[in-house]
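Morning, everyone. Please have the structure open as we go.

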Amino acid sequence: MILEFPDYYETFQCIGSKCPDTCCAGWEVDVDPDSCEYYQSIQGPFGDRLRKALTIDGEDRYFPLDPAGRCPFLDHQNLCDIYKNLGEASLCQTCTEYPRYFMDIGNYEQIDMSLSCMELGRIFFSDTTPVSYVRTENNEEGEPLTPEDQQLLIEILALRNKAINLIQHPDRFFLSGWDAYMEDLKKIFALCQEAENASDEELAASRAFQRESYSDLYQCLSAFDVISDQWSSRLPWYRQIAAELDRSPEFLLHFLTQQSAEFFIWFRKLTVYFIYRYFIDTCIDQDPEIELCLLYRSLRSILLMLIAEKQHTAMDSPVSRDEFIYIAHLFSKEVEHDEENVTRIKGLSNQ
């Protein structure tokens with residue numbers, strides 16, 4: 001099997017209790033069948049505690065959150081009691097893999113990490129050089145593909161790589177202007193049009209998301225299944241800023257003129273993150289326009305969120321790296337870990 005992953009993948013290491021937003025709070029911990037069986041076999045008081053906390057509902061196995069919204073095995077120092085009592089090898093698959101994710105299609109496996117992890121965000125945005133990717137192979141065999149599906153995979157990976165190379169072109173990557181970035185984003189859309197061999201009329205119908213106002217975008221954001229209180233508490237901010245952006249183009253221009261050169265590099269890296277992670281979904285969705293919708297809405301959403309955050313702190317100061325990391329993390333946590341929310345931002349659900 002061919003494995004591909006970004007260069008930052010091998011530099012990540014969990015910082016545990018030092019993390020500013022622990023991944024062991026805010027969502028239930030799914031437990032894989034093998035770990036479930038192992039936890040049920042543990043003897044003594046800690047085994048009793050495991051069995052008491054474990055919920056089995058049909059094929060679902062998980063540790064529900066405690067009243068404070070934390071994993072029942074997360075102690076007051078944000079350390080894991082399972083790890084402390086049974087060792088690292090005892091952690092369930094969810095806890096072992098996060099923030100990593102894996103996408104297998106045929107004999108190809110795409111590997112990446114989620115920006116919902118703030119430590120990954122620190123690594124990702126601290127390096128202002130273009131992302132590079134590593135390919136390797138192992139002896140495992142993937143599921144066989146039909147010739148048609150294999151060809152589609154090849155074409156989608158080629159399109160993904162062209163789009164990443166375009167947004168990270170050495171002559172363009174370090175340009176600090178928003179106009180240059182938007183011009184390159186348009187070129188990515190043109191690449192997809194060329195790959196689809198679609199007419200302007202066909203695209204006008206499928207790319208309705210490009211005509212959305214910020215208030216329309218807010219309606220999408222407000223319809224999400226809420227994962228964290230941090231998200232829900234900020235929704236009134238997003239509604240207010242969306243209305244202001246629709247009312248006054250100068251409002252956005254003023255914000256952009258306050259930003260540092262790194263801000264525009266961070267946005268290019270963010271674009272690369274979404275392209276790498278989601279363009280491969282076309283093999284399932286069968287339409288690259290769906291992934292373009294997710295890309296476009298995600299970038300505009302994060303821009304909206306950044307403006308809202310600055311409006312409630314110090315509007316005339318540049319966005320700091322820590323602020324950018326936090327907002328990217330908040331968006332990723334809310335959207336990328338809930339299939340329904342991913343479906344909504346792809347434009348596949350009106351609910």
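Let's start at Q286, which sits in the loop between α14 (282-285) and α15 (288-311). Keep in mind that this is a predicted model. Q286 has phi near 70°, a positive value in a residue other than glycine. Is Q286 buried or exposed? Its relative accessible area is 54%, over the 50% cut-off, so Q286 is exposed.

There is a second residue of this kind. N78 also shows a positive phi, about 60°, and N78 is not a glycine. Look for N78 in the loop between β4 (60-63) and α3 (81-86). N78 has a relative accessibility of 21%, so it counts as partly exposed.

One more backbone detail. The peptide bond from Y98 to P99 is cis. Omega there is near 5°. P99 belongs to the loop between α4 (93-97) and β5 (100-105).

Now step back to the whole chain. How many helices and strands does the chain have? The count is 17 helices and seven strands. The C-alpha trace spans about 65 × 55 × 40 Å along its principal axes. For 351 residues, a compact globule would have a radius of gyration near 20 Å. The chain has 21 Å, which agrees.

Two more figures for the whole chain. Buried residues make up 49% of the 351 residues. Then take the contacts with a separation of 6 or more. Of those, 76% are between residues 24 or more positions apart.

S206 and P288 are separated by 82 residues. In space, their C-alpha atoms are 10 Å apart. S206 is part of helix α9 (residues 200-206). With 33% relative accessibility, S206 is partly exposed.

On to a helix on the inside. Helix α5 covers residues 118-126. Seven of its nine residues are buried, so α5 is largely enclosed by the rest of the structure. Which residues of α5 are buried? They are M118, E119, L120, G121, I123, F124 and F125. What do they pack against? The partners are β6 (108-113), α13 (261-278) and α16.

Next, helix packing. Two packed helices are described by the angle between their axes and the distance between those axes.

First pair: α11 and α16. Helix α11 runs over residues 229-247, and helix α16 over residues 321-335. They pack at an angle of about 110°, with their axes 11 Å apart. Angles of 65 to 115 degrees count as roughly perpendicular, and α11 and α16 are therefore roughly perpendicular to each other. Their crossing is left-handed. Who makes the contact? From α11, we have Q230, W231, R234 and Y238. From α16, we have Y326, H329, L330, F331, K333 and E334. By class, this contact has five nonpolar, two polar and three charged residues.

R234 lies in helix α11. Is R234 buried or exposed? Buried means under 20% relative accessible area; R234 has 12%, so R234 is buried. Set aside its neighbours within four places in sequence. R234 then touches E309, Y326 and L330.

Helix α10 takes in residues 214-222. Here the angle is about 165°, and the axes are 8 Å apart. Angles over 145 degrees count as roughly antiparallel, and α10 and α11 are therefore roughly antiparallel to each other. This crossing is left-handed too. On the α10 side, the contact uses Y214, S215, Y218, L221 and S222. On the α11 side, it uses W231, L235, Y238, R239, A242, A243, L245 and D246. The residues of this contact divide into nine nonpolar, two polar and two charged.

To recap the helices. The buried residues of α5 pack against α16, among others. Thanks, and over to you for discussion.

Technical notes:
Residues are numbered from 1 along each chain as its sequence is written. This is a predicted model: local features need pLDDT of at least 70, side-chain atom pairs count only at pLDDT 80 or more; totals for chains, interfaces and linings use all residues. Side-chain values use heavy atoms; hydrogens and water are left out. Axes are lines fitted to C-alpha atoms, for helices over the stretch in contact, and angles run from 0 to 180 degrees between N-to-C directions. Helices (H or I, at least four residues) and strands (E, at least two) are DSSP runs, numbered from the N terminus. Angles under 35 degrees count as roughly parallel, over 145 as roughly antiparallel, 65 to 115 as roughly perpendicular and the rest as oblique. A crossing is left-handed if the near helix is turned anticlockwise from the far one by less than a right angle, and right-handed if clockwise. Contact means heavy atoms within 4.5 Å. Ala, Val, Leu, Ile, Met, Phe, Trp, Tyr, Cys and Pro count as nonpolar, Asp, Glu, Lys and Arg as charged, and the others, Gly among them, as polar. The radius of gyration is taken over C-alpha atoms; the globule rule is 2.2 Å times the number of residues to the power 0.38. Buried means under 20% relative accessible area, exposed over 50%, partly exposed in between (1.4 Å probe, protein chains only).
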